[in-house]
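Dear colleague,

Please find below the structure that I am handing over to you, together with its sequence. My findings follow directly after it.

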Amino acid sequence: PMPEALAAARKAVELDPTSGEAYAALGWVKFYQELDVKGAGDALKSAIQLDPNFATAHHTYSAFLQVSGRSEDAIREEQEAVTLDPLFHIARITLAAMLWHAGDHNGATEQLNTVLAIAPQFPKAHEVLAGIYLERGMCREAFHEFELSEKFGGFKEPDLLGYAYGRCGKKEAA
């Protein structure tokens with residue numbers, strides 16, 4: 001954990017208790033650093049109440065909802081983040097991943113294609129698209145997207161690639 005981050009977020013709330021951004025920062029630290037789920041949820045709800053147009057608060061609250069087992073609510077929050085900031089690529093990619101896992105491959109692909117039309121070198125978009133293609137049995141397309149992700153600076157995921165090779169019948173490569 002990063003105690004400096006928690007102290008800074010608390011200080012921001014203390015300096016301006018009407019700042020949605022300060023509460024969003026506190027919620028982020030509590031969720032990702034402190035693993036304080038209840039505290040994170042409270043701070044993020046305050047952030048959204050204080051500044052309902054702050055996309056980052058909706059994005060972080062969406063992650064909180066997803067972890068809390070509230071997938072449909074999480075999708076709605078992520079959609080709100082994307083609506084508020086259509087160029088918030090990681091929110092759109094997160095929405096795509098959520099839609100994919102909810103079985104909406106077309107909606108997920110649409111979100112990823114929107115990102116790739118604007119930022120064709122965004123590695124995470126290629127990685128998520130590869131997963132969708134892999135699930136659909138489109139092996140050639142999946143491997144192409146994995147290659148693009150790595151080419152543009154994405155992480156090479158040996159376990160994911162091993163799974164992909166195995167799923168596509170390339171047992172030796174797996």
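In this predicted model, a search of the whole structure returns one disulfide. The bond joins Cys-139 and Cys-168, whose sulfur atoms are 2.0 Å apart. As for its place in the chain, Cys-139 belongs to helix α9 (residues 139-151), while Cys-168 sits in the segment after α10 (158-167); the pair therefore ties together parts that are 29 residues apart in sequence. The torsion about the S-S bond of Cys-139 and Cys-168 is about -95°, and the disulfide is therefore left-handed. Cys-168 has a relative accessibility of 18% and counts as buried, because the cut-off for that class is under 20%.

Helix α6 (residues 89-101) packs with helix α8 (residues 123-135) at an angle of about 10°, and their axes are 10 Å apart. Since angles under 35 degrees count as roughly parallel, α6 and α8 are described as roughly parallel to each other. The crossing of α6 past α8 is left-handed.

The residues that make this contact are as follows:

- From α6: Ile-90, Ile-93, Ala-97 and Trp-100.
- From α8: Lys-124, Ala-125, Val-128, Gly-131, Ile-132 and Glu-135.

By class, the residues of the contact of α6 with α8 comprise seven nonpolar, one polar and two charged.

Yours sincerely

How values were computed
Residues numbered from 1 in each chain as written. Predicted model: local features only at pLDDT ≥ 70, side-chain atom pairs only at ≥ 80, totals over all residues. Heavy atoms only, no water. Disulfide = S-S within 2.5 Å. Helix = DSSP H or I, 4+ residues; strand = E, 2+ residues; numbered from the N terminus. Buried < 20%, exposed > 50% of the residue type's maximum accessible area, 1.4 Å probe, protein only. Axes fitted to C-alpha atoms, helices over the stretch in contact; angles between N-to-C directions. Parallel < 35°, antiparallel > 145°, perpendicular 65-115°, else oblique. Left-handed = near helix turned anticlockwise from the far one by under 90°. Contact = heavy atoms within 4.5 Å. Nonpolar A, V, L, I, M, F, W, Y, C, P; charged D, E, K, R; others polar.
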